[in-house]
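Welcome! Let us walk through this structure together, one residue and one group at a time.

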Amino acid sequence: MNGGIRTRRQNGGFENESNRKLNGHANPRARSTSPTEISENVFLFYPNIIGYSRIVLALASLYYMPLHPRTCSSLYSVSCLLDALDGVAARQFNQSTRFGAVLDMVTDRCTTSCLLVFLSSAFPRWALLFQGLISLDFASHYMHMYATLAMGDSGQSHKKIDQSRSRLLHLYYNNRAVLFVFCTLNELFFIALYLLSFSSPMLTPSLLPTENKAGTTSQPGNPSHPPSMLFATPGSAWAMELARANKMDSFWPWVIAGVSFPVMAGKQILNLIQLVKASKWLAEGDIQERRLKGLPRKKR
């Protein structure tokens, strides 16, 4: 925040800066290191290495995403499941770090967004909805993280939610079973939609060529319109949808989508609650700061 209010983090930073400077020179005591201290590389902590592997798996899944649903789904699912493992490793080896928490959250946001971008192209009629889900996900988590840093105690985790602010968010972030179920089924729903894009027997009518002979159809399997004649550009939307059509059975994707949909919808409601609560928390801080500055000033 701007102005007169100093958070604990800001005060701590000012004191540290004062300790490092003495009469215009660096304080030698600030540079001294106890011989008993062990040098650590946070980037090589076990949870963070797991986080890097998640990124590699996610990138590999994106490579196979356009035309290889089984390979993509497997890689993407393993990447998501490792999200739970890095937390276990952090607690087991006492290696919980701010860098690891941010890496974990950024990876979650990016992987889900990439999948939703693909769904926007696979289901163009629902593109606006998928774009809205991406925006809500990013906005709610960014607002929540910023509110925690600006208004919370020094070093407070974004997962530390007081019950007085929101019982639902407190339960979501502090109960590991609830957090795991919501995150897992939320991703499963979007994976199911991804698999369904490979099970449709028909092409989107708006993607079909307009010129057509009477009594013929441009749907897959019609010998009068082979793919080479239908689509001059192999990478066009028409060609990609034709390549995905009838590639796998739709039974299990529909089952997964039906089971996971209520939880996915609940997750979006939690994102909305998180966005509203974080906004109110920041607004409370703004009001306190303005009062300390004597604002609004009374008109004479």
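Start with Asp108, which is buried at a relative accessible area of 14%; buried means under 20%, exposed over 50% and partly exposed in between, using a 1.4 Å probe and protein chains only. This is a predicted model, in which local features need pLDDT of at least 70 and side-chain atom pairs count only at pLDDT 80 or more, while totals for chains, interfaces and linings use all residues. Residues are numbered from 1 along each chain as its sequence is written, and side-chain values use heavy atoms, leaving out hydrogens and water.

You will find Asp108 in helix 5; helices are DSSP runs of H or I with at least four residues, numbered from the N terminus. Its side chain makes a polar contact of 2.6 Å with that of Arg54 (N or O atoms within 3.5 Å, one able to donate a hydrogen and the other to accept it).

Now turn to the largest nonpolar core, which has 23 residues. Such a core is a set of buried Ala, Val, Leu, Ile, Met, Phe, Trp, Tyr and Cys residues joined through side-chain atoms within 4.5 Å. Helix 8 (176–196) is among the helices that each supply at least two residues, and helix 8 gives the most, with 8.

Finally, look at the loop between helix 10 (237–244) and helix 11, where Met248 sits. Met248 is buried too, at 16% relative accessibility. Leaving out residues up to four places away in sequence, Met248 touches Pro69, Arg70, Leu195, Phe198 and Ser199 (contact means heavy atoms within 4.5 Å).
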